[in-house]
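Subject: Structure for your files

Hello,

Here is the structure I said I would pass on. My notes on it follow below.

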Amino acid sequence: MTSERGVSVTGTGRINVSPDEADVRLGVSVVKATVGDARQVAAEVSERILAAVTARGVAGPDIQTASLEVQPEMEYPDGRPVVRGQHVSHQYAIRVRDLAQLGPVIDDAIGAGATTVDSVTFRSSRREEAESEARSLAMAAARAKAEQLASKAGVRLGRVLSIAEGAVAGPPHPMPMFRMATMAEAAPTPIESGSLEVNASVSVTWELVDQPEAAPAIAG
């Protein structure tokens, strides 16, 4: 969009990076007759899960309790609520900083008794660098567009009047929740990390100034 004194354009930049880290959420869900029994089993399995992922090189600061739930397990025969037992769920958020270990971490956790893997989200440790590169590309694209418009109008770009950055987008790549209780003896879990796309956009307004007049020819 152009005006008498300026031209406003939007530029976008896009960078693809390979993920080198992943967040995985996994844990155990137990249903027993009493809360005490369910908590005891969940605690024992949780200890085995933590030992298994730690043995794969996951550091303590990269393991965090994501949720701990205790609630009755209900069923509805004839439409009437009946307590079938007590449900205890303990889920952990684990960051794996070596993607080569992601599959083994999941497999070992399942072997230790994990019953759920809620999601896997891939990340890049060079995200900030990629965002900076995407912004540079966005700014270059905006300038090229503005210069083209100014040239077509017979003017040139002057000083920058305003810059507004759009949201830098690069959503993680999640895997949907799936149940793992029957996979402990299956083949190793295949992990495909793909690539992550980081997008940036900028809206820039330049002042428009007249082209310099050509110097008059000197008569010989």
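Tyr76 is found in the loop between β3 (63–75) and β4 (82–96); helices (H or I, at least four residues) and strands (E, at least two) are DSSP runs, numbered from the N terminus. This is a predicted model, in which local features need pLDDT of at least 70 and side-chain atom pairs count only at pLDDT 80 or more, while totals for chains, interfaces and linings use all residues. Residues are numbered from 1 along each chain as its sequence is written, and side-chain values use heavy atoms, with hydrogens and water left out.

Tyr76 counts as exposed because its relative accessibility is 55% (buried means under 20% relative accessible area, exposed over 50%, partly exposed in between; 1.4 Å probe, protein chains only). Asp78 lies in the loop between β3 and β4 and, at 71% relative accessibility, is exposed. Its phi is near 60 degrees, a positive value in a residue other than glycine.

Overall, the protein chain has three helices and nine strands, in the order β-β-α-β-β-α-β-α-β-β-β-β from the N terminus. Of its 220 residues, 34% count as buried.

Helix α1 (residues 35–55) and helix α2 (residues 102–111) have axes that come within 8 Å and cross at roughly 155 degrees. Axes here are lines fitted to C-alpha atoms, for helices over the stretch in contact, and angles run from 0 to 180 degrees between N-to-C directions. The two helices, α1 and α2, are therefore roughly antiparallel (under 35 degrees is roughly parallel, over 145 roughly antiparallel, 65 to 115 roughly perpendicular, the rest oblique).

On salt bridges (a side-chain nitrogen of Lys or Arg within 4 Å of a carboxyl oxygen of Asp or Glu), the count comes to 17. One of them pairs Asp23 with Arg123, the closest N and O atoms being 2.5 Å apart. Asp23 lies in strand β2 (residues 21–32) and Arg123 in strand β5 (residues 116–123), so this pair ties together parts 100 residues apart in sequence. Asp23 is buried at 17% relative accessibility, and Arg123 is partly exposed at 31%. Arg25 and Asp118 also meet in a salt bridge (3.1 Å, N to O), again between strands β2 and β5, 93 residues apart.

In helix α3, Arg127 and Glu131 are four residues apart, about one turn of the helix, and form a salt bridge at 2.9 Å between the closest N and O atoms. Arg127, Glu131, Arg135 and Glu165 are linked in a network of salt bridges.

Regards
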